[in-house]
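Here is a brief report on a metal site and the fold around it. Start with the structure, then read on.

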Amino acid sequence: MKLGSHVSMSGKKMLMGSVEEALHYDANTFMIYTGAPQNTRRKSIDRLRIEEARDLMVDNGIDPSDVVVHAPYIINLANPDKDKRSFAVDFLTEEIIRADAIGAQDIVLHPGSHVKEGVDTGIAYVSESLDEVFARTEDLSIRIALETMSGKGTELGRSFEELRRIIDHVEASHRLSVCFDTCHAHDAGYDVHDFDALMRHFDDIIGLERLRVFHLNDSKNPRGANKDRHANLGEGYIGFDTIARIVHHSDYEAIPKILETPYVTASDDSKKRVYPPYKEEIEMLKANAYTPGLIERIRRNHAG
Ligand code: FE
Ligand code: FE
Ligand code: ZN
């Protein structure tokens, strides 16, 4: 089983800190943003402390090729503004070079938002942009994992068919994979409770060989709400059992599974003291048994 969470990469420690954080959670994989997800300021590759971090991973049973990188969510390859689209292409190209230097095999990307241009134009822009990015990084084998989206606003990638259309339009499509996010798929209207049937559908439309990353999140909203609000495991409409089944499913053992559940806050309106629940959530998933009241206990003990 390959199980972890998103972790931070910042300060002086950079990737070393990410590995230490993952080890603290008893994870054997993890996902990072190479900088703040909402901006594009990045440190140069030689300051990421990649070599030391890789040694620390190997010494502790983390396969460096299981590290997942997430591109910042402000990149919109479907931006109707040509200059902004070309900035997104430039930035994603740099980001892929960084992710490759880190050793990741997949960089997760939100396909984009068509804003007001409509799905067809949006898909055409995304595909053109991806062609350009792949042409500029021809010598690299790292894949871009298109994430299944919730369908909020004008997001592209809300259905397997939309992802398929992007894949079909991209020339170097062997470098496209898919990240399946449980919260997003549920919010987009898919029934993740009937997981095997859903994966057969995924196989029909996209092909299971493209599935390379899972994001495991419960959802604060009912199926089909198109909201994208993640919940802690067992605290939402998906429920613990469905997510635990994916973790323990023998068909998907080799695929990194990443938690992006919310940090626990003191109360719903206070963000002052926050606590990442990943150590506890990972422990609960490994044990394959839901602990009722876990998040409330974390709130009392760590985020009060
Ligand atoms: Fe994402
Ligand atoms: Fe996600
Ligand atoms: Zn999300």
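## Geometry of the iron site

In this predicted model, the site of the iron ion (ligand 2) is irregular, with angles of 83 to 169 degrees among its four donor atoms.

The protein donors are E147 (OE), D181 (OD), H215 (ND1) and E260 (OE). They lie 2.1 to 2.2 Å from the iron ion (ligand 2). Along the chain, the donors follow the spacing E-x33-D-x33-H-x44-E.

The iron ion (ligand 1) sits 3.3 Å from the iron ion (ligand 2). E147 coordinates both ions.

D181 and H215 link distant parts of the chain, 34 residues apart. D181 belongs to strand β6, and H215 to strand β7 (residues 211-216). Both D181 and H215 are buried.

## The barrel

Eight strands form a closed barrel with parallel pairing. The order is β1-β2-β3-β4-β5-β6-β7-β10. From one strand to the next, the twist averages 30 degrees.

Take one pair in detail. Strands β3 (residues 68-70) and β4 (residues 106-109) run parallel, joined by three bridges. H70 has V108 in β4 as its bridge partner.

## Helices on the sheet

Helix α3 (residues 82-102) packs on the sheet and touches β2 (29-32), β3, β4 and β5 (143-147). The direction of α3 makes about 145 degrees with that of β4.

Helix α4 (residues 119-136) also packs on the sheet. Its contacts are β4, β5 and β6 (176-181). The direction of α4 makes about 155 degrees with that of β5.

Key
Residues are numbered from 1 along each chain as its sequence is written. Chains are lettered from A and ligands numbered from 1 in the order in which they are written. This is a predicted model: local features need pLDDT of at least 70, side-chain atom pairs count only at pLDDT 80 or more; totals for chains, interfaces and linings use all residues. Side-chain values use heavy atoms; hydrogens and water are left out. Two strands pair if DSSP finds at least two bridges between them. Helices (H or I, at least four residues) and strands (E, at least two) are DSSP runs, numbered from the N terminus. Axes are lines fitted to C-alpha atoms, for helices over the stretch in contact, and angles run from 0 to 180 degrees between N-to-C directions. Contact means heavy atoms within 4.5 Å. Donors are N, O and S atoms within 2.8 Å of the metal (3.2 Å for Na, K and Ca); water is not among the atoms, so sites may look incomplete. Four donors count as tetrahedral if all angles lie between 85 and 135 degrees; four count as square planar and six as octahedral if opposite donors are over 155 degrees apart and all others between 65 and 115; anything else is irregular. Buried means under 20% relative accessible area, exposed over 50%, partly exposed in between (1.4 Å probe, protein chains only).
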